[in-house]
Amino acid sequence: MSKNIVCYSLGSIEPRKRTKFNKELYGYVDKSNHSKYTYERKGILTKIPFQKPLASVIILASENAKKVIKHLKKYKAKYINYQIKELAQE
């Protein structure tokens, strides 16, 4: 199974758009009525297994990378997509 490393940069995007980008990508927890009610808002990566070794770097399966890249293009982010193969474990 191959994986992709996606490195991205949002550049000098305004803070409100950066926050919206992150919420749509990772999801977030929403609280209302003085934290009486809690809602989990899902993002693109909520149901996709991924690793985040550094800020703005995501490692995920190749078949799921297309969703993330589409989201990056929506926000005109600069990105580099590396495809890697897992080594066989003995």
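Tutor: Start with Glu-24 and Lys-74, which form a salt bridge with their closest N and O atoms 3.3 Å apart. (A salt bridge here means a side-chain nitrogen of Lys or Arg within 4 Å of a carboxyl oxygen of Asp or Glu.) Glu-24 sits in helix H1 (residues 15-26) and Lys-74 in helix H2 (residues 62-74), so this pair ties together parts that are 50 residues apart in sequence. Helices (H or I, at least four residues) and strands (E, at least two) are DSSP runs, numbered from the N terminus.

Before going on, a word on where this comes from: the model is predicted, local features need pLDDT of at least 70, side-chain atom pairs count only at pLDDT 80 or more, and totals for chains, interfaces and linings use all residues. Residues are numbered from 1 along each chain as its sequence is written, and side-chain values use heavy atoms, leaving out hydrogens and water.

Are the two partners buried or exposed? Glu-24 is partly exposed, at a relative accessible area of 24%, while Lys-74 reaches 55% and counts as exposed. The cut-offs are under 20% relative accessible area for buried, over 50% for exposed and partly exposed in between, with a 1.4 Å probe and protein chains only.

Phe-21 is in H1, and at 0% relative accessibility it counts as buried. Setting aside residues up to four places away in sequence, Phe-21 touches Tyr-8, Leu-10, His-71, Leu-72 and Tyr-75, where a contact means heavy atoms within 4.5 Å. One of those, Leu-72, is 51 residues from Phe-21 along the chain, yet their C-alpha atoms are separated by 8.6 Å.

The two helices also lie across strands. H2 lies across E1, E5 and E6, at about 140 degrees to E5. For these angles, axes are lines fitted to C-alpha atoms (for helices, over the stretch in contact), and the values run from 0 to 180 degrees between N-to-C directions.

Those strands make an open sheet of four, in the order E4-E5-E1-E6, with antiparallel pairing. Why is one side of E4 and of E6 left without a neighbour in the sheet? Strand E4 (50-51) and E6 stand at the edges with a single partner strand each, so one side of each has no neighbour there. Two strands pair if DSSP finds at least two bridges between them, and E1 (residues 2-9) has eight to E6. Ser-2, for instance, stands opposite Lys-85 in E6.

Beyond its neighbours within four places in sequence, Ile-5 is in contact with several residues, including Ile-59, Ile-80 and Tyr-82. Ile-5 and Tyr-82 are 77 residues apart in sequence, but 5.0 Å apart from C-alpha to C-alpha. Tyr-82 belongs to strand E6 (residues 78-85) and is partly exposed at 43%.

Back to the topic you asked about: how many salt bridges are there? The count comes to two. In the other one, Arg-41 pairs with Asp-30, with the closest N and O atoms 3.2 Å apart. Arg-41 is in strand E3 (residues 37-41) and Asp-30 in strand E2 (residues 28-32), so to speak two distant parts of the chain, eleven residues apart. Arg-41 is partly exposed at 36%, and Asp-30 is partly exposed as well, at 26%.

E2 and E3 are antiparallel partners over five bridges, and Asp-30 has Tyr-39 as its bridge partner in E3. The two strands form a hairpin with four residues between them. Asn-33 in that turn has a positive phi of about 55 degrees. Most residues other than glycine have a negative phi. Asn-33 is partly exposed, with a relative accessible area of 45%. Ser-56, in the loop between E4 and E5, also has a positive phi, near 65 degrees.
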